[in-house]
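Let's take a walk through this protein together, one piece at a time. Keep the picture open while you read.

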Amino acid sequence: MMQLQKINDITYVNGIRLETETIPIEEIEDSLRIIKEDMKLKELQEIRLRERRDEIIVHARKHGFSAIKIASILDVTRQTIYDVLKNMDINNEEE
């Protein structure tokens, strides 16, 4: 979630000045560190969302949804759906 703040007429997003050119030199390192941490968090969120999506794809197939319908809903190819199903089946066999 992005946090927007306005302090002394300066707008910040997640603790970094919104207008890049106004970031003081002494704040550049901190700004880069904050961005790096934000990106790590977003990557983890994306991984979790993909895992959840894959579980729901399997659930949908078990309940009669076609690969075409699932692919259409998710805006992905049918091959993506088949790859997910194959991967999830392999993971389930290993457990």
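A salt bridge is a side-chain nitrogen of Lys or Arg within 4 Å of a carboxyl oxygen of Asp or Glu. Keep in mind that this is a predicted model, where local features need pLDDT of at least 70, side-chain atom pairs count only at pLDDT 80 or more, and totals for chains, interfaces and linings use all residues. Residues are numbered from 1 along each chain as its sequence is written, and side-chain values use heavy atoms, leaving out hydrogens and water.

Now for the salt bridges: a search of the whole structure turns up 6. Glu29, Asp30 and Arg33 are linked in a network of them. Arginine 33 reaches glutamate 29 with the closest N and O atoms 3.3 Å apart, and for aspartate 30 and arginine 33 that distance is 3.6 Å. Glutamate 29 and arginine 33 both sit in helix H1 (residues 25-62), 4 residues apart, about one turn of the helix. Helices here are DSSP runs (H or I, at least four residues), while strands are runs of E with at least two, numbered from the N terminus.

How accessible is glutamate 29? It's exposed, at 52% relative accessible area; exposed means over 50%, buried under 20%, and partly exposed in between (1.4 Å probe, protein chains only). Arginine 33 is partly exposed at 46%, and aspartate 30 is partly exposed at 45%.

Another salt bridge joins aspartate 54 to arginine 53, with the closest N and O atoms 3.0 Å apart. Here aspartate 54 is buried at 13%, whereas arginine 53 is partly exposed at 21%.
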